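Here are a few notes to read with the model open beside you. They go point by point, starting with a quick question.

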Amino acid sequence: MSGTDTANGGDEPETVQINLRVSKAFLEDIDQNWKDQGFNSRSEFLRYAARDAIKHPEFSREGWKQIAAGEHELRTGKAEFVSREDVLELMAADDDE
C-alpha cells in the first residue's frame, strides 16, 4: 500500500491493524518509554519508531551501538569531545574516499 491510500476517500491514510509478539520484559520497556517520552499511546510510539526506522535507515543497529559506546567512553573519560569543525573535516575525508 502506498502512503496515499485512503479509507473511503478521506484525507487520512488508511490504517491496517497488525499483531506484534514481543517478550513481556520488552513490552514493559516499550510501555515505560512511550510514557516517559510523552506519547499518547503505545501504538503512537511504535508507529513513530517504525516510521523513523524506515525514513532514516542510515541509523542502523550497528550505528546505535557505536553511538552508545562513544557516549560511554565520554562519560568514563576514555574519550575526548571533538569540535564541530573536526567532525565536518572527518566527514569530508570520508566522502573523499
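Does Asp31 count as buried or exposed? Keep that in mind for the points below.

1. First, the answer. This is a predicted model, and in it Asp31 counts as buried, because its relative accessibility is 18% and the cut-off for buried is under 20%. Buried residues make up 5% of the 97 in the protein chain.

2. Now the overall layout. Going along the sequence, you read the pattern α-α-α-α. The accessible surface of the chain is about 9,100 Å², and carbon and sulfur atoms account for 51% of that surface.

3. Helix α1 covers residues 24–36 and helix α2 covers residues 42–55. Their axes sit 9 Å apart, and the packing angle is about 95 degrees. The two helices are therefore roughly perpendicular to each other, since angles of 65 to 115 degrees count that way. On the α1 side, the contact is made by Leu27, Ile30, Asp31, Asn33 and Trp34; on the α2 side, Arg42, Phe45 and Leu46 take part. Sorted by class, that contact has five nonpolar residues, one polar and two charged.

4. Back to Asp31, this time with its partner. The side chain of Asp31 meets that of Arg42 in a salt bridge, at 2.7 Å from N to O. Asp31 belongs to helix α1 and Arg42 to helix α2, eleven residues apart, and the pair links distant parts of the chain. Both residues are also in the list of contacts between α1 and α2. Arg42 counts as partly exposed, because its relative accessibility is 34%, whereas Asp31 counts as buried.

5. How many salt bridges does a search of the whole structure find? It finds two. Besides the Arg42–Asp31 pair, there is one between the side chains of Arg75 and Glu71, at 3.2 Å from N to O. Here both residues lie in helix α3 (residues 61–75), four residues apart, which is about one turn of the helix. Arg75 is exposed, with a relative accessible area of 70%, while Glu71 is partly exposed at 38%.

Technical notes: Residues numbered from 1 in each chain as written. Predicted model: local features only at pLDDT ≥ 70, side-chain atom pairs only at ≥ 80, totals over all residues. Heavy atoms only, no water. Axes fitted to C-alpha atoms, helices over the stretch in contact; angles between N-to-C directions. Parallel < 35°, antiparallel > 145°, perpendicular 65-115°, else oblique. Contact = heavy atoms within 4.5 Å. Nonpolar A, V, L, I, M, F, W, Y, C, P; charged D, E, K, R; others polar. Buried < 20%, exposed > 50% of the residue type's maximum accessible area, 1.4 Å probe, protein only. Areas by Shrake-Rupley, 256 points an atom, 1.4 Å probe, with all protein chains shown as cover. Salt bridge = Lys/Arg side-chain N within 4 Å of Asp/Glu carboxyl O.
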